[in-house]
Amino acid sequence: SNQERTSIENAARNAPIQGTNIDVICEAMVMIDRWASLYKVDVHFLGQVHDELIYDIPADQEWIADKIKQLMVRAAQNYLIPEISMDADCRVGETWLK
């Protein structure tokens, strides 16, 4: 049917974008882990929800969140042409639910 065809065509168009998004998230996770290990930073990966990464950091060291954001943006730049930029949003809360 036309509806099925349209659905399949839309999925095919979105697949490269979604695949690249997964690549960026995976690369960001590796970069953050390597950075934390190299500099012995107290950061612990808690989980991933879609395109969000959740980390546990000490309450008195919010600078770590800024560095994580920088690393996520750098990971995205590895997949984008120079004319396209990407930003990351970073939020800090007492629990991962807030």
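## Contacts and overall layout

Of the contacts in this protein between residues at least 6 apart in sequence, 42% join residues at least 24 apart; a contact here means heavy atoms within 4.5 Å. The model is predicted, so local features need pLDDT of at least 70 and side-chain atom pairs count only at pLDDT 80 or more, while totals for chains, interfaces and linings use all residues. Residues are numbered from 1 along each chain as its sequence is written, and side-chain values use heavy atoms, with hydrogens and water left out.

Two helices and two strands make up the list of elements, and from the N terminus they follow the order α-β-β-α. Both kinds are DSSP runs numbered from the N terminus: helices are H or I with at least four residues, strands are E with at least two.

## Confidence

Mean pLDDT (the predictor's confidence in each residue, from 0 to 100) is 85 for the protein, and 86% of its residues reach 70 or more.

## Surface and burial

The accessible surface comes to about 7,700 Å², with 51% of it belonging to carbon and sulfur atoms. These areas come from the Shrake-Rupley method with a 1.4 Å probe, and for residues only the protein chains shown count as cover.

Of the 98 residues, 24% count as buried. The classes run as follows: buried is under 20% relative accessible area, exposed is over 50%, and partly exposed lies in between (1.4 Å probe, protein chains only).

## The nonpolar core

In soluble globular proteins, nonpolar side chains tend to be buried together. Here the largest nonpolar core has 19 residues, and those with the most contacts inside it include Ile-32, Trp-35, Ile-64 and Met-72. Such a core is a set of buried Ala, Val, Leu, Ile, Met, Phe, Trp, Tyr and Cys residues joined through side-chain atoms within 4.5 Å.

Helix 1, strand 2 (52-56) and helix 2 each give two or more residues to this core, and helix 2 supplies the largest share, seven residues. Leaving aside neighbours within four places in sequence, Ile-64 touches Trp-35, Val-41, Asp-42, Val-43, Ile-57 and Pro-58.

The structure holds two aromatic pairs. One of them joins Trp-35 and Trp-63 edge-to-face, at 6.1 Å centre to centre and 85° between the planes. It links Trp-35 in helix 1 (residues 2-38) with Trp-63 in helix 2 (residues 63-77), 28 residues apart. Rings of Phe, Tyr and Trp (its six-membered ring) pair if their centres lie within 6.5 Å; planes under 30 degrees apart count as stacked, over 60 as edge-to-face and the rest as tilted.

Trp-35 counts as buried at 10% relative accessibility, whereas Trp-63 is partly exposed at 46%.
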